[in-house]
Amino acid sequence: MKNKYQFVNRKYVLGGIACVVVLLFLIRLFFLQVVNSDYKSFADSNAFFKKTLYPSRGLIYDRNGKLVVYNQPAYDIMVIMRDVTGLDTLGFCNTIGISKERFLARIAEIKNKEINPGYSSYTPQVFLTQLSLQEYGVLQEKLYRYPGFSIRSRSQRNYARLSAALLLGYIGEVSKSDIEKDDYYVQGDYAGIAGVEKSYEKYLRGEKGCEILLRDAHGRIMASYENGEHDIAPVSGKNIEMSIDIELQEYGEKLMKNKVGSIVAIEPSTGQLLAMVSSPTYDPSLLIGRQRGANHKILEQDPNKPLFSRPLMAQYPPGSTFKTAQALAFLQEKAITPQSAFPCAHGYPPLGGRPACHGHASPLTLVPAIATSCNSYFCFGLRNMLNNRDLYPNIHPAFEAWKNHMVDMGFGYPLGVDLPNEKRGMIPNGKFYDKRYGENGWNAHTIISIAIGQGEILVTPLQLCNLAATIANRGYFYTPHVVRKIQDTPLDSIYTEKRYTHIAKENYLPVVEGMANAVTGGTSRGAQLEGIVVCGKTGTAENPHGKDHSIFITFAPKDDPKIAIAVIVENAGFGATYAVPIASLVMEKYLKGKIADNRKYVEDRITNTTILPVNVKNK
């Protein structure tokens, strides 16, 4: 009986072992086929070849429908490593124009899973990108000699107009972090790296398609799988219409050639950017094709920084252009009225004539103070506001109120333009001065230089132009933007909503009048245009590294503003010398379509003038 029960127990043991083995096999199969995608990829790649179909990238037009950026054919060399057998390496290298060392290095990069985490010897890998049509033709004839290699059709950007390079941006190969952030991309894909190409990447790129092809046991492509029933067609990217007038942009770049600085032009009624010139600049066609990397390195190492977008990233003291913003804050806080008059003895009397001022009538009220750009007047205004104990118990809340007005006018923080890398500028607060001078160690006279746009105040050219647009609108602005239409897609509401400054409209009226008088008989006389009432304000920003910067803000016509402009020319001296005529030419070109014959001499003087540090060459 004992032996009989032993065999019965053994049966259960053996059965249990068999079940465990089967269960382990099932778990392993589940892991291989469901959890681990490598096995699935291995199996699929034996039977199918999934060919990615890349969409056409969206086209870019200017505000008048002129084509600016389009696509042209380009080709990538793909490789399936397991299929590379008996390769004539030297012949292949000679055909595509690379060295054997570069070939071996590229193969090593492809196989390195730290560099190429998606590597599989069964799936196509990018070997070389963006062959030209001529290079493609040469390789296509000999491709049968090189097993494992194939050609993938792509497109690359090209430019109908060789301007607006920094505004448009460029595309380049995606990085590892790009792939981790967005599963749309795989290694070898291209995406917008800067400018409009980056900001509107998700609209411009479109949607990839997929063609499924059958392979035989040797990996050769045989036919389309089920007559293409499961293929997915690519969806082209959306076309974009910029707010930029490309001819005005080109004209601005012409005027700024051989100079360092910016021109920004905004349509006040919409916040749309009409032009955004950064100088020096570069030819946008340098950053396409296989030479893009080498050319980018050259531009990156250029000491004149042609890749630096000055309208968005350069930060300057605004100088006397800032007096318009100061006047608005002082009026709102009742520190002055339009009739308030202050003396000027070639400077601010309470501090012995510092900061100094040029000769003009004295005393002055607000409108002529703006027209003649009196330093003393605005120093008195700042003192009155910060010392107003009827409203504020001490300087800290008074200064906080001043700072808040500046922020409401668009200073101290990025405006939110639809372009990358916008800087914020600098508007100090009370804590900044507490840290520098001690909590009770400063007063209006300690920081008096901010009254005239010097000291710690820093602004970007875009912020200055936005100030001009806000004054033109008498108290509000739209977030500046460079794209005004996206195909079949509404524009983000941030670009269509008014942003109010919380300064009463009536306080803008004397400021506008002062800017109009500056053009007819003050510091901005060079901005006059026949038949158009122009408003403007000059500035001369101190530059510790050389000659002062020439600055001007303007808008026109006075009562129906169509354009607002800010111009900064580095190392050019007084605002009236270069910034004023440049702005007036841009304004005339936009409003009238051409430069009047009797002003051609102004155009010639500007275009033929070089204002550059030693060794600077404008592109």
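Modeller: By class, 7 nonpolar, 12 polar and 5 charged residues make up the lining of the second largest pocket. Bear in mind that this is a predicted model. The volume of this pocket is about 550 Å³. Its lining has 24 residues, and those closest to the centre are Ser320, His358, Asn375, Thr540 and Phe574. Which strand gives the largest share of the lining of the second largest pocket? Strand β16, residues 535-541, does, with 4 residues.

Serine 373 sits in the loop between α14 (366-372) and α15 (375-386). Its phi is positive, near 60 degrees, and serine 373 is not a glycine. Is serine 373 buried or exposed? Its relative accessibility is 5%, so serine 373 counts as buried; the cut-off for buried is under 20%.

Compare aspartate 488. This residue is not a glycine either, yet its phi is positive, about 60 degrees. Aspartate 488 belongs to the loop between β14 (483-486) and β15 (498-500). Its relative accessibility is 68%, so aspartate 488 counts as exposed; the cut-off for exposed is over 50%.

Two prolines deserve a stop as well. Proline 557 lies in the loop that runs between β17 (549-556) and β18 (563-569). The peptide bond that leads from alanine 556 to proline 557 is cis, and omega is near -15 degrees. Proline 280 is in another setting: the loop between β12 and α11 (292-301). Serine 279 and proline 280 are joined by a cis peptide bond, with omega about 0 degrees.

Take the second largest cavity, with a volume of about 50 Å³. Domain 1 and domain 3 each give at least three residues to its lining. Among the lining residues are Ala164, Leu167, Gln249, Glu253, Met276, Thr281 and Ser309. α6 (165-168), α10 (246-255) and β12 (272-279) each supply at least two residues of this lining. By class, the lining of the second largest cavity has 6 nonpolar, 4 polar and 1 charged residues.

Stay with α10 for a moment. Two packed helices are described by the angle between their axes and the distance between the axes. For α10 and helix α21 (residues 600-607), the angle is about 65 degrees and the axes are 8 Å apart. On the α10 side, Tyr251, Lys254 and Leu255 take part; on the α21 side, Glu603, Ile606 and Thr607 do. This contact holds 3 nonpolar, 1 polar and 2 charged residues.

The largest cavity draws on another pair of domains. Its volume is about 250 Å³. Domain 1 and domain 2 each give at least three residues to its lining. That lining has 18 residues, and those nearest the centre are Tyr54, Pro55, Arg57, Arg154 and Tyr190. The elements that give two or more residues are β3 (67-79) and β5 (149-159). With 4 residues, β5 has the largest share. By class, the lining of the largest cavity has 6 nonpolar, 5 polar and 7 charged residues.

Finish at helix α3, residues 89-96. Which residues of α3 are buried? They are Gly91, Phe92, Cys93, Thr95 and Ile96. Their cover includes β3, α4 (100-111), β4 (125-131), α5 (133-142) and β5. Just past the helix comes glycine 97, with a positive phi of about 75 degrees.

Conventions. Residues numbered from 1 in each chain as written. Predicted model: local features only at pLDDT ≥ 70, side-chain atom pairs only at ≥ 80, totals over all residues. Heavy atoms only, no water. 1 Å grid on protein atoms, 1.4 Å probe; cavity = no way out; pocket = protein on both sides within 12 Å on 5 of 7 lines; lining within 4 Å. Points joined across faces, edges and corners; volume = space filled by probe spheres on them. Nonpolar A, V, L, I, M, F, W, Y, C, P; charged D, E, K, R; others polar. Domains from an automatic or database assignment. Axes fitted to C-alpha atoms, helices over the stretch in contact; angles between N-to-C directions. Contact = heavy atoms within 4.5 Å. Buried < 20%, exposed > 50% of the residue type's maximum accessible area, 1.4 Å probe, protein only.
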